[in-house]
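Good morning, everyone, and thank you for making time for this. Please have a look at the structure on the screen, and I will then walk you through a few parts of it.

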Amino acid sequence: MSRTTDEHGDAEDAPGARPERTLAALPPAHGRGFARTWWGRAWLKALEDTALDNAQLKRGRKHAREGAVGAVCVRPGRITAVVRDRDRTPYRSDVLLQELDDGEWDRLLGVVAERSGHIAALLDRDMPPQLVEDAAAVGVDLLPGIGDLEPECACEAWDHCPHTAALCYQVARLLDEDPYLLLLMRGRGERELLDELQVRSVAHAARHTPQAGEETPAAAPEGVPAQAAFAAPGRPPLPAPPPAVAAPGRPPVLAGGTDPAPGLDVAALEFLAADAAVRAQRLLAEALAPGHAASPVPAALTEWQDTVRLTAAGPPATVAARLAAGCGRDRLDLARAVRAWEHGGTAALTVLEEEWPPDAEALARARAQLAAAWEEGERAPRLRAAGNRWTAPDTDAQVRYGRDGRWWPYRKDRGRWWPAGPPSRDPEAALAMLAVD
């Protein structure tokens, strides 16, 4: 089979051959979950709803966390990897997923081509829920459901074993980064899809363009996104984005020389100029990051949040004193807020200050994560729940459950709970930061 290399560094089949991509083994996933995106979580839900033995899934998660899954081969209808057991015995493991037939692909490509937003999202390696809903409306199920992930393993288990489960958990991490892998499992490679979508998009635009003598409609057609146009065969590539700035620019030195204007705090002004340079450099880096166009615009900071952010930036002592005096909080409150900010910005600050009662769905999800965090036979720590906070009795350790499903470690000191580390999707990893077992 002849092979070419696509722009992501993965192998893709030559024109006319069946597409295939091989992705290098991922490093161990200690302290993180296996799916950040909603489609990655849907993939894992299909696995967990299908498997009959929850103990096998726990062992599979453990294998995946420990880096036991080798390079993953993705091709239509099948994913394959070698998974090593605890004793290092290798097993070839496969998971099968039904391919879409030609009629289903025709309907799917039709609905995608009609919405330029769908094409733009795919080009940004995003899969909006509306795309999946539109596909379902024409009878095409993109995401797998119960029973759709069929296991095959050299260990000869008849249901999902730890090896096929580990493969599925690892693939969830890969899907987070590239939803095209799911489309490849369903039967079409990225290049083939983009070429076909370009043809259909142009045809769709032509159908909605008035002919000679026809009345011009009030609204012009949406057209084709620039990225989709440049993705067509024979088109020149988009120009490279500007290079990232390695370090923030140096702000001007205002002290010295002439006397400052009355009432002007030179140290504060220099600090704000330096802070602006740091923020500008960070914003540029975020703008150049993959998927930035599809990222939501962050909310503006409140006065309190911006005070905490500026204090965390390490201002001169006189400026820090002014911030502390003007924020309306005591020094310990400000110090705890700064500690939280250093671990996770506005999200961490919200977890510090907000206590909320999880609804039934969020509570069930939190309890399921806690139950799945320890292997069968391992002793889980005793935790007492109050709202979204789980405290280990007779200790100074606590984990807090955020509205985004992450767990935040806290430690008690001087009668107050202090943030003790960054968040984790895995409550076991959050508790490990507190040495609770």
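Predicted model: local features only at pLDDT ≥ 70, side-chain atom pairs only at ≥ 80, totals over all residues.

Helix 1 itself takes in residues 38-50, which makes 13 residues, and from its first C-alpha to its last it reaches 18 Å, close to the 18 Å expected at 1.5 Å a residue. The buried residues in helix 1 are Trp-39, Gly-40, Ala-42, Trp-43, Leu-44, Ala-46, Leu-47 and Thr-50.

Let me turn to helix 6, which runs over residues 162-177 and holds Gln-170. Is Gln-170 buried or exposed? Its relative accessible area is 1%, and because buried means under 20%, Gln-170 counts as buried. If we leave aside residues up to four places away in sequence, Gln-170 touches Leu-26, Ala-64 and Val-69.

Helix 2 is where we find Arg-59, and this residue, with a relative accessibility of 37%, counts as partly exposed. How far apart in space are Arg-59 and Pro-162, C-alpha to C-alpha? They lie 5.3 Å apart, although 103 residues separate Arg-59 from Pro-162 in sequence.

Now for the strands. Strand 5 pairs with strand 6, residues 90-96, in the antiparallel sense, and seven bridges join them; in one of the bridges, Ile-79 has Val-95 in strand 6 as its partner. In the hairpin that these two strands form, five residues sit between strand 5 and strand 6, and Arg-88 takes a positive phi near 75 degrees. Strand 6 is also joined to strand 7, residues 150-153, by four bridges, and strand 6 and strand 7 run antiparallel. Here the bridge partner of Asp-94 is Glu-152, which belongs to strand 7.

Finally, I would like to show you helix 13, which covers residues 331-353 and contains Thr-350. At 36% relative accessibility, Thr-350 counts as partly exposed. Between Thr-350 and Gly-402 the separation is 52 residues in sequence, while in space, C-alpha to C-alpha, Thr-350 and Gly-402 are 8.6 Å apart.

Conventions: Residues numbered from 1 in each chain as written. Heavy atoms only, no water. Buried < 20%, exposed > 50% of the residue type's maximum accessible area, 1.4 Å probe, protein only. Contact = heavy atoms within 4.5 Å. Expected span 1.5 Å × (residues − 1). Pairing = 2+ DSSP bridges.
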